[in-house]
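Dear colleague,

I am passing on the structure we spoke about, and below it you will find my notes on what turned up in it. Please read them with the model open beside you.

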Amino acid sequence: MDLGALCRTSKLVIAWHVGKRDQESADALVEDVRARLAVMPQITTDGLGLYA
């Protein structure tokens, strides 16, 4: 499963992770995004509860 974080306005890919749709992959994606951004982004998901 591919997980990604995109900039809504520019459509640039901030982070990308390939893995299972599980807590470990969600944590990896969130940590990657956190390391790349200086401000708290707006987060919109497909409703998967793992991102909380």
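How many residues lie between β1 and β2 in the hairpin, and which residue in the turn has a positive phi? Bearing in mind that this is a predicted model, the hairpin formed by β1 and β2 has six residues between the two strands, and K11 in the turn has a positive phi of about 70 degrees. The pairing of β1 with β2, which covers residues 13-18, is antiparallel and runs over five bridges, and within it L3 stands opposite H17 of β2.

The largest nonpolar core consists of five residues, namely L3, A5, A15, L29 and V33, and the elements that contribute two or more residues to this core are β1 and α1. As for A5, once its neighbours within four places in sequence are left aside, its contacts are L12, V13, I14, A15, L29 and V33.

Two or more lining residues come from each of β1 (2-6) and α1 (23-36), and α1 gives the most, with four residues. By residue class, the lining of the largest pocket divides into 13 nonpolar, four polar and three charged residues.

With best wishes

Note on methods
Residues numbered from 1 in each chain as written. Predicted model: local features only at pLDDT ≥ 70, side-chain atom pairs only at ≥ 80, totals over all residues. Heavy atoms only, no water. Nonpolar A, V, L, I, M, F, W, Y, C, P; charged D, E, K, R; others polar. Core = buried A, V, L, I, M, F, W, Y, C linked by side-chain atoms within 4.5 Å. Buried < 20%, exposed > 50% of the residue type's maximum accessible area, 1.4 Å probe, protein only. Contact = heavy atoms within 4.5 Å. Pairing = 2+ DSSP bridges.
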